[in-house]
Amino acid sequence: MRTGAQALVDSLVKAGTEVLFGYPGGQALDIFNCLPEAPMKFVLGRHEQGCAHMADGYARATGKPGVCLVTSGPGATNVVTGLATANIDGVPMVVITGQVPLSLIGTDAFQEADTSGITRAITKHNFLVHSADEIPEIVAQAFYIATHGKPGPVVIDVPKNCQQALTAAEYPERVSLRAYHPEHAANPNDLSRFAKILNSAKRPVLYAGGGVITSGAAADLAKLAEKAEIPVATTFMGLGSFDEHSPLALGMAGMHGSAAANWAIHEADCIVALGVRFSDRVTGNIKLYAPEAKIVHVDCDPSSLNKNVKVELGICADIKDVLTTVASRIKQNRHPEWVEKIHGWQREHPLSYKQMHEGVIMPQAVIEAIDKATNGEALLVTDVGQHQMWTAQFFRHNTPRHFLSSGGMGTMGFGIPAAIGAGLAKPDAKVVCVVGDGGAQMTFEEVVCAVEHKVPVTFVIINNNCLGMVRQWQQLFYRERYAGSILSVRGRLEMEHLEQDLEYDYLPDFTLLAKAHGAEAYRVIDPAKLDDTIRTAVESGKTSVVEVIVEPRANVYPMIPGGKPVTEMIFE
Amino acid sequence: MKQETYRFNCFVENRPGVLARIVGLISGRGYNIQALNVGPTEDGTVSKMKIDVLCSDESVVEQIKHQLSNQVNVIEVTSRKR
């Protein structure tokens with residue numbers, strides 16, 4: 001016999017947990033009490049949201065579930081953002097929350113929250129434990145659910161009395177779920193149709209999303225593209241699934257995607273969409289999306305087929321399985337006119353930017369500097385906003401699981417902790433976290449964890465002293481009324497009634513903040529010093545923060561305004 | 001837009017929280033439940049839910065069905081026009 005808490009920790013180990021991210025509290029203490037003897041690494045975050053994003057970053061970097069342990073009430077509510085972030089991007093996670101004893105549930109007890117109620121809509125599944133005997137089985141099921149079908153986060157809410165009760169239950173050898181069978185096999189007729197449609201296409205485009213990376217199908221995608229000479233566009237989440245050094249690479253499609261990718265989709269007569277959701281950030285005006293194309297959509301989630309875009313052929317199956325099976329039926333092919341037309345668009349509208357003021361660093365140049373300093377090998381983690389889009393645009397992505405970013409939820413504060421999780425998962429990778437000055441202030445406290453665990457992440461803070469993406473939208477669509485988006489006191493609107501007599505333009509001083517957290521600190525203002533400083537930081541092998549003061553009025557282009565068709569793309 | 005009532009018959013595992021999950025899934029996507037009936041089946045571990053929802057077209061029906069089928073505790077879903 002062992003306690004429920006011991007059974008829980010043993011089960012986590014059995015399920016393959018190597019790193020546990022967490023933050024303690026009253027209703028989780030029995031579980032924490034079992035950790036000193038457990039054969040896994042524990043990482044103490046500084047805020048539960050940080051713990052959740054660390055586990056998320058760990059999972060995105062490896063494909064293995066990120067595991068996180070927090071207490072009841074505020075501990076559980078603080079992981080909510082992390083769960084929603086992982087859920088919409090299909091990231092496998094198992095999150096354990098402490099809960100008040102069963103007898104106190106519903107009494108508004110101290111630190112009681114209805115965790116299963118709160119997390120139901122933002123998790124793939126959740127469990128409320130009712131007895132210590134259930135714990136090993138539930139843990140096994142949680143890991144199974146998190147990693148099978150479209151991955152996602154699973155919460156296990158464990159009341160304190162179940163942690164303390166004794167149980168003889170063992171970890172099951174096999175997981176059996178009566179109602180959940182997420183593995184779908186493709187219908188052979190559909191595969192034949194797939195091949196027929198693609199073989200007869202004159203202007204085909206392969207359109208790869210995060211599902212290609214999840215399925216481990218990047219190599220199969222490359223083979224298919226080369227065999228039949230088909231250009232490849234990726235979604236934001238699909239960056240890294242296809243090497244952008246290839247002449248067939250169109251880069252990212254969507255609101256801030258390349259002109260070539262968006263126009264190719266617009267003019268294509270066949271789109272093979274692999275592991276994508278057709279999100280509104282990609283389709284723009286859905287009625288005018290890909291008007292000439294027959295769309296073949298392959299996804300492991302049946303609910304994503306025909307959800308946003310009506311498709312010619314929807315195949316619910318594992319992408320790698322489909323591509324392997326269909327490979328021999330796709331004929332060797334060439335599309336010289338189509339490819340030349342696309343190359344013409346690329347020459348006409350390459351991703352580019354203009355220097356706005358002499359001696360002021362353009363933010364896009366920072367991303368190019370990271371590409372150079374790491375020889376294109378950086379494992380990039382971003383926060384959310386303009387810098388996120390520039391990182392998507394100006395780095396030549398080439399490796400799956402080397403571009404980690406909150407795509408669906410757009411969670412500011414994700415970058416710093418997720419980079420730490422990725423760094424712990426991949427100690428030999430050159431992890432570079434690109435983050436804005438806004439997002440950096442949301443979760444900077446986690447830098448301490450990187451320093452403590454000697455995770456050599458380079459945090460590059462693109463400091464434009466404002467919430468750049470919000471500011472850009474206000475400039476373009478709200479008549480330049482910058483309400484709430486400027487971070488320096490000097491530029492603020494009168495609505496805040498601030499005296500604008502502060503000595504400092506830039507608060508906080510991120511180099512002082514970095515030093516206070518024990519990290520190496522650099523600040524770059526001079527464009528001539530940008531490359532060297534980033535190289536020094538990356539090669540130092542230490543946790544470092546590089547604050548780069550950049551042009552504050554730079555915008556992300558090209559841009560297709562929300563809800564508009566490709567034809568209304570803005571270039572500057 | 002003309003809407004019609006569709007009946008979704010769901011066989012689900014009889015566990016705490018399953019009803020809340022199903023109802024939340026439908027309401028969370030902006031659909032309005034017209035009628036709801038939940039009861040046991042001969043197999044005590046399985047419950048049957050009959051859910052009537054106003055849908056604008058067949059693709060919405062398919063979408064709801066897929067979303068329901070994706071749920072870990074949902075054994076089978078069928079639908080028909082009322």
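This is a predicted model: local features need pLDDT of at least 70, side-chain atom pairs count only at pLDDT 80 or more; totals for chains, interfaces and linings use all residues.
Residues are numbered from 1 along each chain as its sequence is written, and chains are lettered from A and ligands numbered from 1 in the order in which they are written.

Chain A contains an open sheet of six strands, with parallel pairing and the order β3-β2-β4-β5-β7-β6. Helices (H or I, at least four residues) and strands (E, at least two) are DSSP runs, numbered from the N terminus; two strands pair if DSSP finds at least two bridges between them. Strands of a sheet pair through backbone hydrogen bonds, either parallel or antiparallel. The edges of the sheet are formed by β3 (41–44) and β6 (125–128) of chain A, each of which pairs on one side only. From one strand to the next, the twist averages 20°. Strand β2 (residues 19–22) of chain A pairs with β3(A) in the parallel sense over four bridges. Within these strands, A:Phe21 stands opposite A:Val43 of β3(A).

Between the two chains, 15 residues of chain A are in contact with 17 residues of chain B, contact being defined as C-beta atoms, placed from the backbone, that lie within 7 Å. On the side of chain A that touches chain B, the elements that give two or more residues are α6 (115–119) and β6 of chain A. By class, this side of chain A has seven nonpolar, five polar and three charged residues. Here Ala, Val, Leu, Ile, Met, Phe, Trp, Tyr, Cys and Pro count as nonpolar, Asp, Glu, Lys and Arg as charged, and the others, Gly among them, as polar.

In chain B, helix α2 (residues 58–70) has 13 residues and should span 18 Å at 1.5 Å a residue, which agrees with the 18 Å between its end C-alpha atoms. The expected span is 1.5 Å times one less than the number of residues. The buried residues of α2(B) are B:Gln63, B:Ile64, B:Gln67, B:Leu68 and B:Asn70. A residue is buried if 20 or more other C-beta atoms lie within 10 Å of its own, exposed if 12 or fewer, and partly exposed in between, with C-beta atoms placed from the backbone. Seen down the axis of α2(B), the buried residues fall within an arc of 160°, so they line one face of the helix; the arc is that of the directions from the helix axis to the C-beta atoms. These buried residues pack against β1 (4–13), α1 (18–28), β3 (46–55) and β4 (74–81) of chain B.

Helix α1(B) has B:Val18, B:Arg21 and B:Ile22 as buried residues. Their arc, seen down the axis of α1(B), is within 95°, so they line one face of the helix. The exposed residues B:Ala20 and B:Gly28 are carried by the face of α1(B) turned away from its buried side. The cover over the buried residues of α1(B) includes β1, β3 and α2 of chain B. Just after α1(B), B:Gly30 takes a positive phi of about 85°.

B:Val12, in strand β1 of chain B, counts as buried because it has 23 C-beta neighbours inside 10 Å. Leaving aside neighbours within four places in sequence, the contacts of B:Val12 include B:Val18 and B:Ile22.

The peptide bond from A:Leu507 to A:Pro508 is cis, with omega near -5°, and A:Pro508 is found in the loop between α21 (468–477) and α22 (510–516) of chain A. A:Phe278 has a positive phi of about 50° although it is not a glycine. This residue, A:Phe278, is in the loop between β12 (270–274) and α13 (280–283) of chain A, and counts as buried with 24 C-beta neighbours inside 10 Å.

Terms used. Axes are lines fitted to C-alpha atoms, for helices over the stretch in contact, and angles run from 0 to 180 degrees between N-to-C directions.
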